[in-house]
Amino acid sequence: MRELNIAVSTHNRKLKRIRRVFRVLQEYWSGDNPFQSSTLLRKEREEREQDVHRLSFTREQEQQLQAVLDDPKRKVMNKPEVRVVYYLGMFTGQRMKDCVLLRWSKINLKLRRVWVKQFKTGKEVTIPLAPKLLEVLQSAQEWKSNETDYVCPNIAARYNRTNAIGKNVGNNLVNIDMLRVIRWIGLEPSVEVPGRDKKVTVYGFHSLRHSFASFCAEAGVPQATVLSILGADSDIVNKYYTHVGDEAQQRAISAISGELDKTAQQRISEALELIHSQSERSKILEKLEKILAD
């Protein structure tokens with residue numbers, strides 16, 4: 001398999017499946033498992049030099065996504081529901097499957113909360129509804145019916161589609177629809193990588209999950225809080241909270257060096273003192289004082 005142009009993770013996953021087959025057939029096989037050697041597994045460092053990984057959206061890009069989803073000239077199957085799924089991804093950070101198969105019974109619009117039992121981890125998380133998401137969900141109630149509890153019934157049915165042998169094929173169909181929206185804002189979801197037959201996805205619906213963690217880190221939201229929303233997928237959170245740890249370490253070194261910078265609160269206090277010292281205070285200064293005091 002090493003001669004195949006496949007990812008390291010794909011190579012190792014296929015190898016582990018073959019190992020399981022031999023373990024199941026042990027009573028019919030007298031020899032050693034020929035695929036058991038650890039040297040057959042490839043190392044992740046083989047791909048590090050390629051430096052291709054999932055990217056997060058910027059705030060501007062997310063705003064562009066919202067704009068094209070509101071643009072009637074842009075066409076995609078089940079577009080009103082696609083819009084809901086995208087907003088769920090943006091403002092909850094949940095995976096595509098969790099957003100697509102979300103049910104009304106897990107949403108309380110009065111309490112402005114949503115409960116998600118993640119398919120991948122089995123963990124249930126509780127998330128407050130952001131104002132924009134609340135507005136979108138309220139609009140989605142116009143197609144709510146007693147026939148199904150799915151928030152996005154058409155996309156859910158499409159996602160759950162299987163082929164003749166019972167294998168799910170709908171997840172790929174829905175993913176293609178989601179990638180089409182990303183292309184609308186001028187981003188190419190996949191890039192070619194040397195040594196791979198298939199392109200590597202850099203922008204996808206999962207990028208919204210990365211963006212969620214990134215925006216929280218920038219806003220100073222505690223890491224534990226973000227984990228309570230995203231679930232056990234700590235790799236994503238750690239990726240965006242690394243710089244937060246770096247900044248904390250730098251402040252520690254500055255403190256023991258006597259070079260600690262002023263805090264935001266100290267700067268605000270100094271600004272208020274300066275405003276109060278002015279004999280003639282204009283309306284602009286009064287507005288600034290109100291903003292800083294709040």
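**Close-up views of the predicted model**

**View A. Helix α7 and the residue after it.** Gly 186 follows α7 and has a positive phi, near 85 degrees. The model is predicted. Helix α7 covers residues 170-184, and its 15 residues should span 21 Å at 1.5 Å a residue; the C-alpha atoms at its ends are 22 Å apart, which agrees. Its buried residues are Gly 170, Val 174, Asp 177, Met 178, Leu 179, Val 181, Ile 182 and Trp 184. These buried residues pack against four helices, namely α2 (59-70), α3 (79-92), α4 (96-100) and α6 (153-159).

**View B. The salt bridge of Arg 183 and Glu 188.** The side chains of this pair meet at 3.6 Å, N to O. Arg 183 has a relative accessibility of 42% and therefore counts as partly exposed. Glu 188 is also partly exposed, because its relative accessibility is 41%.

**View C. The salt bridge of Asp 70 and Arg 83.** Side chains of opposite charge can pair when their charged atoms come close. Here the N to O distance between Asp 70 and Arg 83 is 2.7 Å. Asp 70 belongs to helix α2 and Arg 83 to helix α3, so the pair ties together parts that are 13 residues apart in sequence. With a relative accessible area of 44%, Asp 70 is partly exposed. Arg 83, at 23% relative accessibility, counts as partly exposed too; the cut-off for a buried residue is under 20%. The salt bridges in the model come to four.

**View D. The hairpin of strands β2 and β3.** Strand β2 (residues 113-117) pairs with β3 in the antiparallel sense, over five bridges. Opposite Ile 127 in β3 stands Val 114. Six residues lie between the two strands of the hairpin, and Gly 122 takes a positive phi near 80 degrees. Side chains alternate along β3 (residues 124-128).

**View E. The salt bridge of Lys 106 and Glu 124.** The side chains of Lys 106 and Glu 124 meet at 3.6 Å, N to O. Lys 106 sits in the loop between α4 and β1 (107-108), and Glu 124 in strand β3, so the pair ties together parts that are 18 residues apart in sequence. Lys 106 has a relative accessible area of 34% and is partly exposed. For Glu 124 the relative accessible area is 43%, again partly exposed.

View F. The buried residues of α1 are Val 8, Thr 10, His 11, Asn 12, Leu 15 and Arg 19. Val 21 also lies in α1, but counts as partly exposed because its relative accessibility is 47%. Together with Val 24, Leu 25 and Tyr 28, Val 21 makes a nonpolar surface patch of about 450 Å².

**View G. The whole protein, for context.** The protein has twelve helices and five strands. Of its 294 residues, 35% are buried. Among contacts with a separation of 6 or more, 58% are between residues 24 or more positions apart. The accessible surface is about 18800 Å², and carbon and sulfur atoms account for 50% of that surface.

Definitions and conventions
Residues are numbered from 1 along each chain as its sequence is written. This is a predicted model: local features need pLDDT of at least 70, side-chain atom pairs count only at pLDDT 80 or more; totals for chains, interfaces and linings use all residues. Side-chain values use heavy atoms; hydrogens and water are left out. Buried means under 20% relative accessible area, exposed over 50%, partly exposed in between (1.4 Å probe, protein chains only). Patches are made of residues with over 30% relative accessible area and no salt bridge: like charges are joined within 9 Å, nonpolar side chains (Val, Leu, Ile, Met, Phe, Trp, Tyr) within 5 Å. Accessible areas come from the Shrake-Rupley method with a 1.4 Å probe; for residues, only the protein chains shown count as cover. Two strands pair if DSSP finds at least two bridges between them. Contact means heavy atoms within 4.5 Å. The expected span of a helix is 1.5 Å times one less than its number of residues.
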